[in-house]
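Reader: Please take me closely through one part of this model, namely the places where charged side chains pair up. I would like to follow each partner into its surroundings, and then to see how that part sits within the chain.

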Amino acid sequence: MVLPMILYGVDDEDKEVLFDILNKMGSETETLFRIQIDTDDVDDAIRAIREEEHISVVVLGVDSVATDKRMLALRLGKFAMMSNRDHYVVYIIKKRQELERVLPLCARSAGVMVSPLEEKPIRAVFKPIFEDYHSLYESETSNDGQWLNLKSAGKVQRLRLNDVIMVQAVDKMVEFHTAKQDVAVYSSMDQAGKMLNESFMRCHRSYYINREMIRHIDFKEMTICMVDGSEVPLARSFKEEINRTFAASNA
C-alpha cells in the first residue's frame, strides 16, 4: 500500500520533522508513502497533480510573508480537489496569527498545521488520513480484485490485476498490457508470474495471458486472440495444458 505525496512550498525544517513522523506512522500502520514531487514551482505542482491518477496527499505550505505565494498555495488546494475530489489536501500555515484569516480559504482540507511542525499535530492530521486510505484500499481490493504496484520510469503505477490482458517479456523488461495502457518494468517472467493470480496462465515462454480476456484460440495457427484484438503465440509445449484447461471448463 503506497500513498503518493505532492509537496509545494514546504520549508526544509518542516519537511524533516514531517517525514520523520510519517515514517514512524508508516511503520506502525503498514502505510508507505512516496514523494511524487517536492517543489516550489507552482507549474510543476500543477503538472504533478494533473498527472496523478490515484488518490494522493497534497501538502501545501501557505506563506504569510509572500502574499502571491500564499494565494497560489490556496488555489492549488482548490485545483487538487477539482482534479480528484478524493485527494487529501493538507495545509501548513507559516504564521499562527494568519490562521483565522487563512482557514476559511482552505478548500475541503484534510488538515491544517502551523509551522514549526510538531509530532502531535502531525499525528492528529495524518492518523485519520491513513485510516481512511486503508479503508478505501481494502474496499478497493475486495470489490475490484487485486492491485499491482509497478515501479516504472521512476513512478509507481497501479494496475488492477483484473484489467491486465497479458504479460509479455521484452528484452530485459516485462510489459503489463491493459486496454488503456502498457507498463514496462525491469523483471523476469518468473518474478512476474508470482504477482499474478489463478486467472493467468502461461501460453509461451514470453507470455502470460488472462484467461478471462481470451476471445478465441486457433490451434491450427497456434495463436490466441485476446479481447483487444492482439494475437499471442501459443507454444506447442503449452498447447496440451491450455487444451485441457478449456476442455475441462466446457465439460
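Author: Helices and strands are read here as DSSP runs, a helix being a run of H or I of at least four residues and a strand a run of E of at least two, both numbered from the N terminus. The model is a predicted one, in which local features need pLDDT of at least 70 and side-chain atom pairs count only at pLDDT 80 or more, while totals for chains, interfaces and linings use all residues. Residues are numbered from 1 along each chain as its sequence is written, and side-chain values use heavy atoms, with hydrogens and water left out.

Let us start with a pair inside one helix. D44 and R47 lie three residues apart in helix α2, which covers residues 42-51, so about one helical turn separates them. The two form a salt bridge (a side-chain nitrogen of Lys or Arg within 4 Å of a carboxyl oxygen of Asp or Glu), and their closest N and O atoms are 2.7 Å apart. D44 has a relative accessible area of 27% and is therefore partly exposed, a class that lies between buried, under 20%, and exposed, over 50%, as judged with a 1.4 Å probe and protein chains only. R47 is also partly exposed, at 41%.

Helix α5, running over residues 119-144, holds another such pair, since E119 and R123 lie in it four residues apart, or about one turn of the helix. Their closest N and O atoms come to 2.9 Å in a salt bridge. E119 is partly exposed at 36%, and R123 counts as partly exposed at 24%.

The side chains of D11 and K94 meet in one, at 3.3 Å from N to O. These partners are 83 residues apart, with D11 in the loop between β1 and α1 (12-29) and K94 in the loop between β4 and α4. In residue numbers, the loop of K94 runs between β4 at 88-93 and α4 at 99-102. With a relative accessibility of 15%, K94 counts as buried, whereas D11, at 33%, counts as partly exposed. The side chain of K94 also reaches the backbone oxygen of G9, at 3.2 Å.

What links D12, K15 and D38? They are joined in a network of salt bridges, and in the whole structure there are nine salt bridges. In general, side chains of opposite charge can pair when their charged atoms come close.

M5 lies 8.6 Å from D38 between C-alpha atoms, although 33 residues separate the two in sequence. M5 belongs to strand β1, which covers residues 2-8, and it is buried, with a relative accessible area of 0%. Leaving out residues up to four places away in sequence, M5 touches several others, including F19, L22, I35, V57 and F126, where contact means heavy atoms within 4.5 Å.

F126 brings us back to helix α5, where F126 and F130 are four residues apart and hence about one helical turn from each other. One aromatic pair is found in a search of the whole structure. That pair is F126 with F130, edge-to-face, with 6.2 Å from centre to centre and 70° between the planes; rings of Phe, Tyr and Trp (its six-membered ring) pair if their centres lie within 6.5 Å, and planes under 30 degrees apart are stacked, over 60 edge-to-face, and the rest tilted. F126 is buried at 0%, and F130 is buried as well, at 2%.

Finally, here is the chain around this part. Its secondary structure comes to seven helices and 15 strands, and 46% of its 251 residues are buried. Of the contacts between residues at least 6 apart in sequence, 54% join residues at least 24 apart. The C-alpha trace spans about 75 × 35 × 30 Å along its principal axes.

Notes
Polar contact = N/O pair within 3.5 Å; in protein donor to acceptor, adjacent residues only side chain to side chain.
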